[in-house]
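These are my notebook entries on one structure. I set down what I looked up, entry by entry.

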Amino acid sequence: MKVTKAQAQANRAHIVETASTLFRERGYDGVGVADLMAAAGFTHGGFYKHFGSKTDLMAEASLCGLAQSADAAAGMDLAGFLGYYLSREHRDDPGHGCTMAALSADAARQPATVKAAFAAGIEAQVGRPASEDDPSSEHASPEARARRIALMAMAVGAVVLSRSCPDDSPLADEILDACRAAVMARLSDAPDR
């Protein structure tokens, strides 16, 4: 039975979303093409009908995960978002959490296409308006941009360090608590533009 163009596009999108989740859970090297396609409900042989290589899928899945994270953050104020981001709930669900926290270290060792996907996702977060209700915030000052980069790096780093500890480790929670307090203090120090 011939697959329609629309169904082929839907199948590809499903594979990308499945890969995005699995890569965040297991890392790029922790998921083989056969396992990935099985998880998406397809045969291994169908992979190359959709993608030229696993690296192509890694870049596309990274963009998908980064866009999902941006969409989730779009409806929240910065303090609310960072409060959730630096929580056990987020830390303990890497498959549905932030792609940056789950895969940045892996991405650093990948080809340029994967690194470019990360750079685009980071730029989208750093460059987005501080407030959807304040159009003047679209053109943030260099100081505000630097502050957002620092907050992002602190939050991502906190989740990465916390995940590197055993889940029941007091240190894992202490890292989140200390960084959440520091981030919230920094938020109250200066306006976001």
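**Entry 1: valine 126.** I first looked up valine 126 and found it in contact (heavy atoms within 4.5 Å) with Arg145, Arg148, Ile149 and Met152, leaving aside neighbours within four places in sequence. I located valine 126 in helix H8; helices (H or I, at least four residues) and strands (E, at least two) are DSSP runs numbered from the N terminus. Valine 126 has a relative accessible area of 6% and is therefore buried. For that term I used under 20% relative accessible area as buried, over 50% as exposed and the range in between as partly exposed, with a 1.4 Å probe and protein chains only. I also noted that the C-alpha atoms of valine 126 and arginine 147 are separated by 9.4 Å, at 21 residues apart along the chain.

**Entry 2: basis of the values.** I am working with a predicted model, in which local features need pLDDT of at least 70 and side-chain atom pairs count only at pLDDT 80 or more, while totals for chains, interfaces and linings use all residues. Residues are numbered from 1 along each chain as its sequence is written, and side-chain values use heavy atoms, with hydrogens and water left out.

**Entry 3: arginine 145.** I turned to one of the contacts of valine 126, arginine 145. Arginine 145 has its place in helix H9. Its relative accessibility is 33%, so I recorded arginine 145 as partly exposed. Not counting residues up to four places away in sequence, arginine 145 touches Glu123, Val126 and Gly127. I then took the C-alpha to C-alpha distance from arginine 145 to histidine 50, which is 38 Å at a sequence separation of 95 residues.

**Entry 4: the whole chain.** I counted ten helices and zero strands in the protein chain. From the N terminus on, I wrote the order of elements as α-α-α-α-α-α-α-α-α-α. Along the principal axes, the C-alpha atoms fill a box of roughly 60 × 45 × 25 Å. Of the 193 residues in the protein chain, 39% are buried. Among contacts with a separation of 6 or more, 68% come from residues 24 or more positions apart.

**Entry 5: the largest nonpolar core.** I defined a nonpolar core as a set of buried Ala, Val, Leu, Ile, Met, Phe, Trp, Tyr and Cys residues joined through side-chain atoms within 4.5 Å. The largest one holds 46 residues, of which Phe23, Tyr28, Leu36, Leu57, Tyr85 and Leu86 touch the most other members. Helices that each supply at least two residues of this core include H1 (5-26), H4 (54-74), H8 (112-127) and H9 (142-164). I noted H4 as giving the most, with seven residues. For tyrosine 28, I listed the residues touched beyond four places in sequence, among them Phe23, Met58, Leu103, Val114 and Phe118.

**Entry 6: H4 and H8.** How do the axes of H4 and H8 lie, and at what angle do they cross? The axes come within 8 Å and cross at roughly 10°. I took axes as lines fitted to C-alpha atoms, for helices over the stretch in contact, with angles from 0 to 180 degrees between N-to-C directions. H4 is therefore roughly parallel to H8; angles under 35 degrees count as roughly parallel, over 145 as roughly antiparallel, 65 to 115 as roughly perpendicular and the rest as oblique. The residues that meet include Met58, Ser62 and Leu66 in H4 and Val114, Phe118 and Gly121 in H8. I sorted the residues of this contact into ten nonpolar, five polar and no charged. Here Ala, Val, Leu, Ile, Met, Phe, Trp, Tyr, Cys and Pro count as nonpolar, Asp, Glu, Lys and Arg as charged, and the others, Gly among them, as polar.

**Entry 7: H5 and H10.** I found that the axes of H5 and H10 come within 10 Å and cross at roughly 170°. H5 is therefore roughly antiparallel to H10. Leu78, Ala79, Leu82 and Gly83 of H5 make the contact with Arg180, Val183, Met184 and Leu187 of H10. I recorded six nonpolar residues, one polar and one charged in this contact.

**Entry 8: aspartate 173.** I located aspartate 173 in helix H10. With 22% relative accessibility, aspartate 173 counts as partly exposed. Beyond its neighbours within four places in sequence, aspartate 173 is in contact with Arg88 and Arg91.
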